[in-house]
Amino acid sequence: MNIQPLKIGMALILLMSLNFANAQQKDAEKCRYTRTPQGYLMVLREGDNVLELIEKLAKEQNIPSANFTGIGFAQDATFGFYDFNQKKFHPKTFNKVEMGSITGSIAWSGDKPSIHMHGVATDDKFDAYGGHILGLKVGTGSMEIYITVNPEKLERKIEQPLNANVLQLPCLK
């Protein structure tokens with residue numbers, strides 16, 4: 001029996017399997033969001049920077065303003081507590097947590113999207129931490145972000161004396 005054709009056949013099957021797996025991985029890298037009747041659904045994967053990808057979506061799709069909610073696993077979640085006397089955030093990072101709730105808004109500051117995000121994270125002991133999110137990286141599994149687009153463009157501006165970035169609303173007539 002000639003083993004050579006069998007080896008070649010197995011090598012071809014292995015090569016095709018690797019190419020298929022690479023194609024699937026590349027497709028997963030390309031497709032981070034899809035359109036919905038209300039806006040967008042993002043499904044982010046391990047290692048994705050959530051704030052950067054929401055900002056990128058807002059730029060690419062020219063989102064005038066939006067609100068969003070989400071859930072999923074986080075490799076790192078950095079929360080910030082704002083010190084009104086020092087006029088700055090004090091950060092604290094939690095690793096390997098589940099985001100039980102993410103909520104926020106998209107507005108603009110000049111020509112750059114301005115993302116404001118809050119959330120609640122729980123650890124493996126079910127202790128919860130929450131507040132303003134300064135940084136969020138997806139952990140094992142995925143993270144789902146549901147974005148509802150608003151038709152009017154909204155801006156954020158730094159307001160004094162707190163030095164806080166505040167959403168500006170147009171007055172009703």
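Guide: The backbone nitrogen of Q86 lies 2.9 Å from a polar atom of the D83 side chain. This is a predicted model, where local features need pLDDT of at least 70, side-chain atom pairs count only at pLDDT 80 or more, and totals for chains, interfaces and linings use all residues. Residues are numbered from 1 along each chain as its sequence is written, and side-chain values use heavy atoms, leaving out hydrogens and water.

Visitor: Why does D83 have no salt bridge?

Guide: A salt bridge needs a side-chain nitrogen of Lys or Arg within 4 Å of a carboxyl oxygen of Asp or Glu. The nearest side chain of opposite charge to buried D83 is K88, 7.6 Å away, so there is no salt bridge. Buried means under 20% relative accessible area, exposed over 50% and partly exposed in between (1.4 Å probe, protein chains only).

Visitor: Why is C31 called partly exposed?

Guide: C31 has 47% relative accessibility, so it counts as partly exposed.

Visitor: And what makes C171 exposed?

Guide: Its relative accessibility is 72%, so C171 counts as exposed.

Visitor: How many disulfides are there?

Guide: The count is 0, where a disulfide is a pair of cysteine sulfur atoms within 2.5 Å.

Visitor: Which residues touch the most other members of the largest nonpolar core?

Guide: M99, L136, M143 and I145 do, in a core of 29 residues. Such a core is a set of buried Ala, Val, Leu, Ile, Met, Phe, Trp, Tyr and Cys residues joined through side-chain atoms within 4.5 Å.

Definitions and conventions. Lys, Arg positive; Asp, Glu negative; His and termini not counted. Polar contact = N/O pair within 3.5 Å; in protein donor to acceptor, adjacent residues only side chain to side chain.
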